[in-house]
Amino acid sequence: MKIKVLLIASEHSSGMIPFASRIIKTLSKDERFDIYALVVNSGKYSYKRYLDDLDKTHVMQIEYPKSKSLKLIYKIFPLSIIKSVCLLKKQVRPDVIHFLTVDFTLAPYFLFHRSRKGLFYTVHDLYPHETNETKFLERLLHSYMWWGTCFLRRKIEYLVTSSLEQYNALKMMYPGKNVYFTHFPSLVTEQMKNGNDEVRELLNIEHYILFFGRIDEYKGVDLLIKAYNESNLLQKVKLVIAGKGTDYTSLAGNNKNIIQINRFINDAEIGDLFKKAALVVYPYRSATMSGVLSIAYYFRKKVLMSSVPFFLENRTEDSCFFKTGDYKDLLIKMEYLLSGESDSPESNSYEELYSDEVLANDYYNLYLTK
């Protein structure tokens with residue numbers, strides 16, 4: 001049975017784009033699906049480089065407005081996106097419509113959308129992450145975003161998550177709904193695998209501790225810096241914090257061994273960034289769903305992470321953990337892993353956890369439940 005699916009990805013953050021793109025591409029290659037997609041680009045945050053090799057008649061790409069005032073209006077009511085959803089629904093007549101990327105801006109559409117047949121919604125964050133937003137407009141937008149995600153969870157009948165903890169919580173929270181688990185897609189792209197661009201800030205620098213990803217308060221980078229600064233042993237190697245977001249220059253102080261690369265890291269640079277690292281650290285305070293592990297596992301790096309449930313769910317024999325929020329324990333574990341006493345990763349963790357075949361089977365079985 002071939003299933004016709006319309007996949008919608010209206011959010012274009014650095015994390016959502018590779019998540020949705022991997023699902024769209026994986027299912028598009030599988031003969032059991034007839035895949036259509038609607039994606040929204042915004043400047044350099046674009047699905048184009050991930051999906052341009054797919055059939056153009058099956059992928060509609062919309063450009064987000066550039067002006068700040070129009071962006072704000074789109075956050076509240078994205079009329080062109082809503083019109084495109086309605087148009088594709090009428091033209092394609094899909095068996096399934098799946099909203100992949102939070103898609104909170106589409107909540108107003110569902111205020112007037114009565115039919116819920118064949119609608120699926122991926123739940124990324126069941127509870128809000130810690131945030132350091134201080135501006136009134138940012139806090140207001142965050143509140144609206146949270147309202148939108150909660151509204152969609154209540155409105156849509158089929159809920160999907162890639163976190164076992166969230167799966168169990170959703171089952172209890174919505175006993176009358178259909179809740180399903182799917183494996184998290186790999187965020188490793190062909191550009192990451194084959195790219196050989198050097199990270200200009202790290203020329204002639206290697207064997208460092210690496211944090212990679214967008215930098216937000218809930219990711220615990222401040223704990224990593226604090227642990228690093230208090231250890232004489234760790235000072236023998238550099239600490240690299242790579243990713244756009246909160247600037248921790250003041251917290252790092254005058255420590256020249258801490259290198260913060262506060263910019264978007266291109267996929268072609270990822271290989272250079274990870275291959276030269278001695279240790280990858282993810283000191284998150286919370287993590288409901290995250291693809292950062294797939295990159296570290298692909299490049300076969302030692303990975304030290306906090307003991308949040310999602311990381312524990314995706315542990316391998318090469319994983320190492322510290323007590324969440326405990327920078328002293330983080331310090332001790334980093335010193336041990338850099339001492340040379342721990343073995344180098346030998347298992348093929350990446351293939352075990354991030355198979356395209358497993359992912360496609362998950363979604364095929366998911367849509368058969370409709």
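Predicted model: local features only at pLDDT ≥ 70, side-chain atom pairs only at ≥ 80, totals over all residues.
I started at Arg22: a polar atom of its side chain lies 2.7 Å from the backbone oxygen of Val188. I count a polar contact as a pair of N or O atoms within 3.5 Å; within protein, one must be able to donate a hydrogen and the other to accept it, and residues adjacent in sequence count only if both atoms are side-chain atoms. Residues are numbered from 1 along each chain as its sequence is written, and side-chain values use heavy atoms, with hydrogens and water left out.

**Entry 1, Arg22.** I placed Arg22 in helix α1 (residues 16-28). Helices (H or I, at least four residues) and strands (E, at least two) are DSSP runs here, numbered from the N terminus. Is Arg22 buried or exposed? Arg22 is buried, because its relative accessible area is 16% and buried means under 20%, exposed over 50%, partly exposed in between (1.4 Å probe, protein chains only). I then listed its contacts (heavy atoms within 4.5 Å). Neighbours within four places in sequence aside, Arg22 is in contact with Pro185, Ser186, Val188, Tyr350 and Asp356.

At its start, a side-chain oxygen of Ser355 comes to within 3.2 Å of the backbone nitrogen of Glu357. The buried residues of α16 are Leu359, Ala360, Asp362, Tyr363, Tyr364, Leu366 and Tyr367.

I read the strand order as β3-β2-β1-β4-β5-β6-β7, an open sheet of 7 strands with parallel pairing. Two strands pair if DSSP finds at least two bridges between them. The edges are β3 (59-63) and β7 (178-181), each of which pairs on one side only. Neighbouring strands are turned by 20° against each other on average, direction ignored. For angles, axes are lines fitted to C-alpha atoms, for helices over the stretch in contact, and angles run from 0 to 180 degrees between N-to-C directions.

Inside this sheet I checked β1 (residues 3-9) against β4 (residues 96-99): they pair in the parallel sense over 4 bridges. Val5 stands opposite Val96 in β4. Helix α7 (residues 164-173) lies across β6 (158-161) and β7, and runs at about 170° to β7.

Val102 sits in the loop between β4 and α5 (107-111). Val102 is buried, with a relative accessible area of 8%. What does Val102 touch, not counting residues up to four places away in sequence? I found Glu11, Met16, Tyr121, His124, Met145, Thr149 and Leu152. Leu159 is 57 residues from Val102 in sequence and 12 Å away in space, C-alpha to C-alpha.

Asp103 is in the loop between β4 and α5 as well. Its phi is near 55°, positive in a residue other than glycine, and its relative accessible area is 0%, so Asp103 counts as buried. Most residues other than glycine have a negative phi.

Met305 turns up in both: Tyr282 is bridged to Met305, and Met305 stands opposite Phe321 in β13.

From β11 the chain crosses to β12 through helix α12 (residues 292-298), as a right-handed β-α-β crossover: with the strands pointing away from the viewer, the path from the first strand over the helix to the second runs clockwise. In the loop between α12 and β12 I found Arg300. Arg300 has a positive phi near 55° and is partly exposed at 44% relative accessibility.

What do the buried residues of α14 pack against? They pack against β8 (208-212), α9 (221-229), β11, β12 and β13. Those residues are Tyr327, Asp329, Leu330, Leu331, Met334 and Leu337. At the start of α14, a side-chain oxygen of Asp326 reaches to within 3.1 Å of the backbone nitrogen of Lys328. After α14 comes Gly340, with a positive phi near 95°.
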